[in-house]
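Please read the notes below alongside the model.

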Amino acid sequence: MPTRLEDLPNELFLHLFSSYFDGAQLYKVFYGLNIRLNSILRSLEHIHVRLENSDDDPCLNLFASKIISLFIDAKHKSIGFIPSLTNIQAITLVNPTVVQIMNLLQIGRNLHHVSIQWSNPYTPDLMSIRSFYELIFSANASESLRSCRFYLPESHSLYLEPRHCTLPLLRTVYVQVNYPLGDFRRIVRLCPNLTRLEMEIIDNGYSNEETIIICSHLDHIHLRRFYIHNLLSLDILDIYIEYLPNLEYLYISMKLPSHPVDVFKHISSLIHRFTHLKQFQFRLSTDFWNLDHQQLEMLRRLNPFFAHVHIEMDDDEIVFVN
């Protein structure tokens, strides 16, 4: 005799609902089918919700106090429910409005993770960027924040300057920056206990005009994992080394400014200075085509970290990956 959905025990429903559905899906698919399922849904804890369209809102009336993780897509602009998220721990906003960000102030002190994402990092909403920057790095900053993803404003000196604000609990940061040196120094100063930092450089043409300043007294002894996307120059990496005495993992992506052999030799000399480095990964692209098998083997022998380097083809570029 075939098993009907109604024959499943409550424990299995709880497992299925918690593992395979977010709150909006649960409400649309199961709520209102019968009294038993309604009761099971009301008993759920630790709900994750994705708000992608306006018709996702009804689930908030049922789950608001149970939501611990919330994703708000760019198409969804509702904000009135935010104060009712009494147990929220993580929130992600895509292309947020200033009003959405300002409403986070009402729940900010309880958040463990906050993420702001931009569909196009070259054309973000500058007012929203400023509002989020002030929300995180100000007197209103979350007291519980452990991880954060954000965009550091170009003209941050014109915004709130948090000279005395630090986030000692923050452990993980993903940040999009315009000035890879100045912005890096700012992050390690404001977040003294970071263990993982991921930076994406937005190459808008101004980054190359940045003044290079070394401040060795800002050594960041806790940072162990560092990811740098779209590195503009190995001279920048040379300066980063001064700040990261205990780094164990390094990832780099960049477009090679000269012949691969010369660049790999330079990289080898730089990473040798990371005395605690255990793992180095990279994705390096170039337009140079005159690299033969013998030269590739030479690259592999330059440094133990290059031993497994291989080549991928990406459009008209050669990409080195390990």
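1. Of the 7 residues of strand 8 (residues 225–231), 5 are buried, so this strand is largely enclosed by the rest of the structure. Buried means under 20% relative accessible area, exposed over 50%, and partly exposed in between, with a 1.4 Å probe and protein chains only. Strands (E, at least two residues) and helices (H or I, at least four) are DSSP runs, numbered from the N terminus.

2. The model is predicted: local features need pLDDT of at least 70, side-chain atom pairs count only at pLDDT 80 or more, and totals for chains, interfaces and linings use all residues. Residues are numbered from 1 along each chain as its sequence is written, and side-chain values use heavy atoms, leaving out hydrogens and water.

3. Strand 8 pairs with strand 7 (residues 196–201) in the parallel sense over 5 bridges; two strands pair if DSSP finds at least two bridges between them. Isoleucine 228 of strand 8 stands opposite methionine 199. Strand 8 also runs parallel to strand 9, joined to it by 5 bridges. There, leucine 231 has methionine 254 of strand 9 as its bridge partner.

4. Strand 9 (residues 249–255) pairs in turn with strand 10 (residues 279–286), in the parallel sense and over 7 bridges. Lysine 255 has serine 285 in strand 10 as its bridge partner. Helix 9 (residues 260–271) packs on the sheet and touches strand 9, strand 10 and strand 12 (317–321). The direction of helix 9 makes about 155° with that of strand 10. Contact means heavy atoms within 4.5 Å.

5. What is the order of the strands in the open sheet? The 12 strands follow 1-2-3-4-5-6-7-8-9-10-12-11, with mixed pairing. Strand 1 (47–51) and strand 11 (310–314) are the edge strands, each pairing on one side only. From one strand to the next, the twist averages 10°.

6. Helix 1 (residues 10–20) packs against helix 3 (residues 35–43) at about 55°, the axes being 10 Å apart. Axes are lines fitted to C-alpha atoms, for helices over the stretch in contact, and angles run from 0 to 180 degrees between N-to-C directions. That angle makes helix 1 oblique to helix 3; under 35 degrees counts as roughly parallel, over 145 as roughly antiparallel, 65 to 115 as roughly perpendicular and the rest as oblique.

7. Helix 1 contributes Asn10, Phe13, Leu14 and Phe17 to this contact, and helix 3 contributes Arg36, Leu37, Ile40, Leu41 and Ser43.
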